[in-house]
Every structure is written in structure tokens, then in C-alpha cells.
Amino acid sequence: MTDEKRLQTLAVDIGGSGIKVMVLDENGKPLTERDRVETPHPAKPEPVIAAVVGLAKGKAFDRVSVGFPGVVKAGVTKTAVNLDPDWLNVDLADVLSQQLGTPVRVINDADMQGLGAIEGQGVELVITLGTGVGGALFLDGKLVPNLEPGHHEFRKGDTYEQQLGNAALEDIGKRKWNDRLSKAIASLEHLFNYDTLYIGGGNAKCVTLDLPQNAKIVPNVTGLLGGIALWREEKS
Ligand code: BGC
């Protein structure tokens with residue numbers, strides 16, 4: 001076994017309600033339990049970064065993968081609708097790397113979730129249902145980064161996130177939310193003509209509708225398991 005093979009990755013999922021971490025081996029297998037703290041409010045960069053550093057303490061890892069709930073380009077955060085406006089243009093990869101002393105890669109949370117969920121064949125679409133609504137699109141395993149269905153118009157002048165985010169679920173209840181979700185699935189299928197749809201995120205557990213054959217629920221932990229894929233390209 002080479003040194004590279006023994007690398008341990010700290011996977012971090014920054015969410016609107018919780019920040020979760022887990023250490024993965026080189027194959028993406030969990031080496032620790034999932035650890036979680038509440039997302040600080042207001043969710044400004046400093047306390048959120050401090051929370052990640054706090055969760056990393058006492059854990060052994062060589063590199064870090066972060067899923068962030070907004071658009072991320074080259075490790076720099078560009079939006080964070082469900083966190084705080086102060087996240088505009090924060091070089092999160094660089095700041096965390098300095099504080100943790102290891103290389104850090106940051107991508108959108110739904111992209112990371114997707115990397116953990118997909119099979120790598122055909123057109124695969126991932127949607128995440130949590131505080132916000134996220135999405136990730138893949139062709140033969142290659143990611144189209146920063147798809148933002150959540151802020152795209154869905155129906156009645158509302159976005160997918162306004163209709164299906166956590167606030168909407170609490171407001172209208174599970175039955176109506178499932179009705180809306182089935183309309184959303186139909187709309188997304190018409191738009192993307194995907195081969196497979198994966199539904200993840202903390203509220204995927206509330207899905208009770210009969211899903212079409214090409215759609216499946218993925219467990220929330222997938223958001224962390226995708227953390228290993230961020231480093232795969234380096235091997236080739
Ligand atoms: C953000 C997305 C994110 C999603 C889920 C949305 O509000 O714009 O980037 O993936 O929430 O966290």
C-alpha cells in the first residue's frame with residue numbers, strides 16, 4: 001500500500017441547520033461516526049469556520065473536502081442564500097487550509113452529495129431537499145458544477161426552493177409538499193431528460209409519494225461520502 005492510498009479525508013457538509021463531518025478512507029469508506037453541531041446563527045463566515053475547525057479537532061486526516069450551500073468557484077464562495085450575505089467572495093478553501101494545516105477543496109453541497117450518489121452512467125440529476133433546494137447534474141460521471149434549480153422559477157411565480165424548501169414543508173405539511181414534489185419531478189424530467197434522478201438532503205426522509213422507476217432516494221450521509229471524489233482527479 002502506497003502512502004497515497006492511506007490518505008484520510010475529512011468530509012464536511014455545511015448546511016443551513018447543521019454542520020456535519022466524517023473521516024473517510026481512500027475508498028470513501030467512513031472511518032468515524034458522523035459528528036454534527038448546529039449551524040451558528042447568524043451564519044457568518046467566522047463562526048461557521050470556527051465550528052468546522054472545532055469539529056476537526058482531535059480527528060486524524062490529511063485533506064479536507066467541504067460541501068458548501070451556495071455557488072462555489074475555485075474554492076471561493078459566491079452565494080449563500082441560507083447562510084449570510086457576508087459569504088460573498090470568501091476564499092473558504094484557503095482560509096480553512098491555513099487553519100487546519102492540510103489541503104482543502106470546497107464545492108457546492110449538492111455537487112458533493114451527487115458525487116457520492118451517482119453511478120457514473122448517462123445523464124444523472126441529483127436534487128437535495130433541506131433548508132434549501134440544491135441540484136447537481138452529471139454526464140457519464142462528469143459534473144456540471146453549480147446547477148442552481150433552487151432559485152429557478154418552478155410554479156405560481158415561486159422558485160423550487162420557495163415551494164419545496166424546509167420553510168415550505170413546515171408551512172404546508174408533508175402531504176401537500178409531496179404533491180408539489182411530484183410536480184417538480186415531472187418538470188425536471190421534462191427539462192433534463194435524465195436517466196436517473198437521485199433525491200437527497202435532510203428532508204428526503206419526508207418523501208412518501210410513489211417515485212417514478214428512474215428516481216431514488218439517497219441517504220443524507222451521501223452528502224459526506226461524496227467528499228472522496230473531489231480528490232480523484234489528482235490520481236489520474
Ligand atoms: C443554494 C444551493 C444549495 C442548496 C442546498 C440553495 O439555496 O443556492 O447552492 O446547493 O440551497 O443547500
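How far is an oxygen atom of the ligand from an N or O atom in the side chain of glutamate 161? The distance is 2.6 Å, within the 3.5 Å limit set for a polar contact between N or O atoms. The protein covers 95% of the 310 Å² of accessible area that the ligand has on its own; areas come from the Shrake-Rupley method with a 1.4 Å probe.

The model is predicted: local features need pLDDT of at least 70, side-chain atom pairs count only at pLDDT 80 or more, and totals for chains, interfaces and linings use all residues. Residues are numbered from 1 along each chain as its sequence is written, and side-chain values use heavy atoms, with hydrogens and water left out.

For aspartate 109, the distance from a side-chain N or O atom is 2.6 Å. For glutamate 148, the value is 2.5 Å.

The residues around the ligand, with a heavy atom within 4 Å of it, include Pro69, Gly70, Asn82, Thr128, Val133 and His151. This shell divides into two nonpolar, seven polar and three charged residues, with Pro and Val counted as nonpolar, Asp and Glu as charged, and Gly as polar. Domain 1 (4-111) and domain 2 (117-223) both contribute to the shell, so the ligand lies between them. The domain bounds come from an automatic or database assignment.

Key: A polar contact is a pair of N or O atoms within 3.5 Å; within protein, one must be able to donate a hydrogen and the other to accept it, and residues adjacent in sequence count only if both atoms are side-chain atoms.
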